[in-house]
Amino acid sequence: MQTLEPILAQLPLFQGMKPEHLKLIAGCASNARFDAGQFIGKQGEPADKFWIVRQGRVALEIHAPGRGALTIMTVAENEVLGWSWLLPPHQWHFDAYALTATRAIALDGKCLRGKFASDHELGYELMSRFSQLIVQRLEATNLQLLDLYGDHD
Amino acid sequence: MATTTEDPGPPDAAGADPMRPAPFRVARRVVETHDAFTLWLESVNGPGGFSFQPGQFNMLYAFGAGEVPVSMSGPPGAVKQAVHTIRAVGPVTQTLRRLKRGDVVGLRGPFGSAWPVSLAEGSDVVLVAGGIGLAPLRPALYHLLAHRERYGRVVLLFGARTPRDILFAREIETWRGRFDADVEVVVDRAAPGWHGLVGVVTTLVPRAHFDPHNTVAFVCGPEIMMTFTVRALAHRGVVPARTWVSLERNMKCAVGFCGHCQLGPTFICKDGPVYRWDRVAPLLGVREL
C-alpha cells in the first residue's frame, strides 16, 4: 500500500525533515475529505488532530452574540489547520468549517504525542516548526489588529 | 514611451512651470467603494495629452480647499485623460469626492519616479497591494498585461480591510479570469456570507506561485504593511534589491523645493515615491525621520 510519506515530504511544514521522522509522522496520517459547509471542529471540542489542506478552503470562526459568526482567518492549500492538539487542554479555540469542498491530510495528534514521548528529537523538530507557525499567525493577528487600512488621521 | 524608471524625466503636463496648476475638467467620475472614487480629468486648454509612467503622481488642486498628491491609476503612456483613484479621508479629498462631471480642478504633474517595469522584463513580477495602494500599482499591472510576453509569471496579491473596501472589484474579477495572471484577494475581516480569504496580505506571499530567485516585486500600501510584506518576500527568497516600494509623505511642492517630504537625504516627491527597498529601508527604521 502506498503511504503518505512522499506527499508529506513535499508539504512546507515537513520540508527538510529526516526520512525516519517523516516515516513516523506518516504512521499517524490519513486522507480526509469535507463537504462545503461541513464543520471540522467546534469550539470547546477535543482537538486531537490537525490537518494540512491539500485542496479547498477552511474558515476559522468565532460566534459573537448579536453579530453572528465572525471569520478570523481562512486556511488554504498547503496550510496547517489547528495547533490545539499540541498544547493542553487540547481543545478547539474556534469553530472550523469547510468553505468549499476540501481535501486534506489529517494527522492524529494523540498518535504523534505518543511518538514524541519515545522520540524527543521528533518532538523537538515538530515543536520548532509549529512554534514558527504560531509566531506567523501571531504576527498576522497583530497586523489585523493594527487595522492598517482604516482612518488614522 | 520609454519605461526606464531611474529618471522619468521632467514633468510635462503643466508646461514649463511645475508649480503652476493647469485647469483640468472632470470628464467622468466613478464610485469605486464607500469611500473611494475615480476621476477622469481632461485638459481645459485643448485636446493635447501628456505622458506618464506607472507609479508617478500628479498634484490635484481642489479650488478653495487645497492641493494633494494623487497617483495615477489609469493605463500608462501617452494619454489624453489623467485617471486618479482617490480615497476620501481629509478635507481636500472630500472636496474632490463632491466634484461632478464638468467641474474643474488644477493639476500639476506628472511627478516622481516609477515602477521599474523595464527592469522587470524576463522575470516573474509580484505586485502586492494593500488598501488604496492598489491604485498606484494598477498602471504597472496594465503595462505588464499589455506586454505580457515580456514577463514570466504575473501575480497580484491584494489585501483590503473588508469586502466592501475591495477596490476595482469588477476589474479584479476580469484579471482573475485570465489564464496568464494569478490574482488573490484577502480581507482583514469579513461578515458572514463572505466566502473569500480572510487574513492579512502577507499571508498570501508564502502560497503564491512564482520563482523567488527570478522575481521582481512591487509593493504599495501602508508602510507597516510594506515592511512586513518585504519580510515575507525575503523569507521566500526575493532579494531586497529586486523589491520596490512606493512611499508616501507630506508632499507639497512636488519638485523638491519645500522639504516637507524629506526623508533623510531624499525627497520623496522628487526622488520617489518609488524606491528600491534596500536603498530606503535603513531610513524607514529611523524614528526621528
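In chain B, strands β1 (residues 22–31) and β8 (residues 104–111) run antiparallel and are joined by four bridges. Strands here are DSSP runs of E with at least two residues, helices are runs of H or I with at least four residues, and both are numbered from the N terminus. Two strands are taken to pair if DSSP finds at least two bridges between them. Within this pair, B:F24 stands opposite B:V105 of β8(B). The model described here is predicted: local features need pLDDT of at least 70, side-chain atom pairs count only at pLDDT 80 or more, and totals for chains, interfaces and linings use all residues. Residues are numbered from 1 along each chain as its sequence is written, while chains are lettered from A and ligands numbered from 1 in the order in which they are written.

Both strands belong to an open sheet of six strands in chain B, with antiparallel pairing and the order β5-β4-β8-β1-β2-β7. At the edges stand β5 (66–71) and β7 (81–87) of chain B, each with a single partner strand, so one side of each is left without a neighbour in the sheet. On average, neighbouring strands of this sheet are turned by 40° against each other, direction ignored; the axes behind this angle are lines fitted to C-alpha atoms (for helices over the stretch in contact), and angles run from 0 to 180 degrees between N-to-C directions.

Chain B is divided into domain 1 (22–111) and domain 2 (124–246), with bounds that come from an automatic or database domain assignment. The centres of the two domains, taken over C-alpha atoms, are separated by 24 Å. Their contact takes 14 residues from domain 1 and 13 residues from domain 2, where two residues are in contact if their C-beta atoms, placed from the backbone, lie within 7 Å. On the side of domain 1 that touches domain 2 there are five nonpolar, seven polar and two charged residues. In this scheme Ala, Val, Leu, Ile, Met, Phe, Trp, Tyr, Cys and Pro count as nonpolar, Asp, Glu, Lys and Arg as charged, and the others, Gly among them, as polar.

Turning to chain A, four helices and eight strands are found, and from the N terminus on they run α-α-β-β-β-β-β-β-β-β-α-α. The radius of gyration of chain A, taken over C-alpha atoms, is 16 Å, close to the 15 Å that the globule rule gives for 153 residues, so chain A is as compact as a globular protein of that length. That rule is 2.2 Å times the number of residues to the power 0.38. Along its principal axes the C-alpha trace of chain A spans about 55 × 35 × 30 Å.

Strand β4 (residues 58–64) of chain A pairs with β5(A) in the antiparallel sense over seven bridges, and A:I62 has A:L70 of β5(A) as its bridge partner. Three residues lie between the strands of this hairpin, in which A:G66 takes a positive phi near 85°. β4(A) also pairs in the antiparallel sense with strand β7 (residues 95–98) of chain A, over four bridges; there, A:E61 is partnered with A:D95.

The two chains meet in a contact of 21 residues from chain A and 23 residues from chain B. On the chain A side, β5 (68–75) and α4 (120–146) are the elements that give two or more residues, and β5(A) provides the largest share, six residues. By class, this side of chain A has 11 nonpolar, six polar and four charged residues.
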